[in-house]
Amino acid sequence: MKILVATEKPFAKLAVDGIRKIVEEAGCELCLLEKYTDVAEFYKAVADVDALIVRSDKVTKEVIDVAKNLKIVVRAGAGFDNLDLTACSAKNIVAMNTPGQNSNAVAELAVGMMIYMYRNCFNPGTGSELKGKKLGIHAYGNVGRLVANIAKGFGMEIYAFDPFIPSDKIKAEGVIPVNSVEELYSTCHFISLHIPATEETKKSIGYNLLSRMPKGGCLVNTARKEVIHEEELLKVMEERADLKYCTDIAPANGEELKSKFTTRFFATPKKMGAETAEANINAGLAAASQIVRFLKTGDRTFQVN
Ligand code: 3PG
């Protein structure tokens with residue numbers, strides 16, 4: 001059995017070594033395609049493999065169509081909006097993610113971004129502290145919960161909105177649940193976004209929510225670019241000279257935002273939330289183990305299609 005790791009943004013070497021060990025101990029062969037620049041390289045590499053591990057690499061219908069032997073694809077990470085699940089299901093290919101495995105890395109970056117924005121992007125001048133500020137966690141999943149935990153250590157007051165998690169559970173963790181997304185944005189100085197990109201959430205963060213934020217409001221996005229209504233974000237930042245936006249996924253109008261709002265906007269040059277050795281190892285090894293378990297025993301834990 002051949003297992004392909006296809007990563008435009010490669011895993012750390014230690015993670016690849018760990019994946020190789022799991023794959024070879026299971027009697028399988030590891031194929032590696034890293035830093036590819038043309039999708040044709042991906043098509044070629046996937047053509048005869050039985051299993052596939054990717055990160056944010058797009059597993060489109062075209063990829064699925066050329067992968068004649070493919071039985072399973074695992075997104076080493078949380079968000080699986082890069083997988084064409086319909087195409088996978090049509091060919092009986094199992095799709096999985098590795099929830100929680102890279103969450104701490106993303107959570108640490110989100111908190112780092114809050115400090116960076118409240119300290120004038122590390123430019124000279126008087127900044128503000130996180131202590132005593134209100135933080136709104138928009139979606140209380142694996143990453144959101146970790147951000148809340150770290151922020152507690154900074155003495156922040158933490159709120160969360162998540163229609164899928166019972167309020168009691170949120171309350172039990174020392175976080176204040178709110179009843180609506182509007183309430184979260186009206187209440188909190190910081191919003192940390194942890195919603196997935198779905199048909200319902202795309203472009204859902206716009207003028208209506210951002211204009212409600214209290215003075216000094218700061219939006220931190222380590223989730224997905226697509227959830228932001230970029231034109232409305234620009235409009236509200238033009239109207240409100242106090243609002244800040246920090247993102248790990250550069251918006252299409254990033255250059256314009258950068259030139260207009262030098263210390264109120266920051267985007268990382270390339271998505272780096274899950275770019276730690278620890279997260280690479282956790283997610284990469286989990287992906288390899290899930291594939292081996294599936295191939296050997298049919299275990300479908302973490303299947304998403
Ligand atoms: C995820 O959904 O797990 C993160 O966005 C990480 O993405 P990456 O593997 O491309 O860094």
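Here are some questions and answers about this predicted model, starting with how to read it.

User: Which pLDDT do side-chain atom pairs need before they count here?
Analyst: Residues are numbered from 1 along each chain as its sequence is written, and side-chain values use heavy atoms, with hydrogens and water left out. Since the model is predicted, local features need pLDDT of at least 70, totals for chains, interfaces and linings use all residues, and side-chain atom pairs count only at pLDDT 80 or more.

User: How many salt bridges does the structure hold?
Analyst: A salt bridge here is a side-chain nitrogen of Lys or Arg within 4 Å of a carboxyl oxygen of Asp or Glu. With that cut-off, the structure holds 19.

User: Which residue forms a salt bridge with Lys-235?
Analyst: Look in helix α10 (residues 230-239), where the two partners sit four residues apart, about one helical turn; helices are DSSP runs of H or I, at least four residues, and strands are runs of E, at least two, numbered from the N terminus. The closest N and O atoms are 3.2 Å apart, and the partner is Glu-239.

User: How many residues apart in sequence are the parts that Lys-260 and Glu-238 tie together?
Analyst: These two form a salt bridge, with the closest N and O atoms 2.9 Å apart. Lys-260 lies in helix α11 (residues 254-260) and Glu-238 in helix α10, so the pair ties together parts whose separation in sequence is 22 residues.

User: Which side chain of opposite charge is nearest to Lys-244?
Analyst: Lys-244 is in strand β11 (residues 244-247), and its contacts (heavy atoms within 4.5 Å) beyond four places in sequence include Met-117, Tyr-118 and Arg-264. For charge, Lys and Arg count as positive and Asp and Glu as negative, with His and the chain ends not counted. Lys-244 is buried yet has no salt bridge; at 8.8 Å, the nearest opposite charge is on Asp-242.

User: Which element gives the most to the lining of the largest cavity?
Analyst: A cavity is a set of points on a 1 Å grid over the protein atoms alone where a 1.4 Å probe fits but cannot get out, and lining residues have an atom within 4 Å of a point. The search finds one cavity of 30 Å³ or more, and its lining includes Leu-233, Val-236, Met-237 and Lys-244. With three residues, the biggest share comes from α10.

User: Where is Ser-128 found, and which residues does it touch?
Analyst: Ser-128 is partly exposed, at 34%, and it is found in the loop between α5 (103-118) and β6 (134-138). Not counting residues up to four places away in sequence, Ser-128 touches Tyr-118 and Arg-119.

Methods:
Buried means under 20% relative accessible area, exposed over 50%, partly exposed in between (1.4 Å probe, protein chains only). On a 1 Å grid over the protein atoms alone, a cavity is a set of points where a 1.4 Å probe fits but cannot get out, and a pocket is an open set with protein on both sides within 12 Å along at least five of seven lines; lining residues have an atom within 4 Å of a point. Grid points are joined across faces, edges and corners, and a volume is the space filled by probe spheres set on the points.
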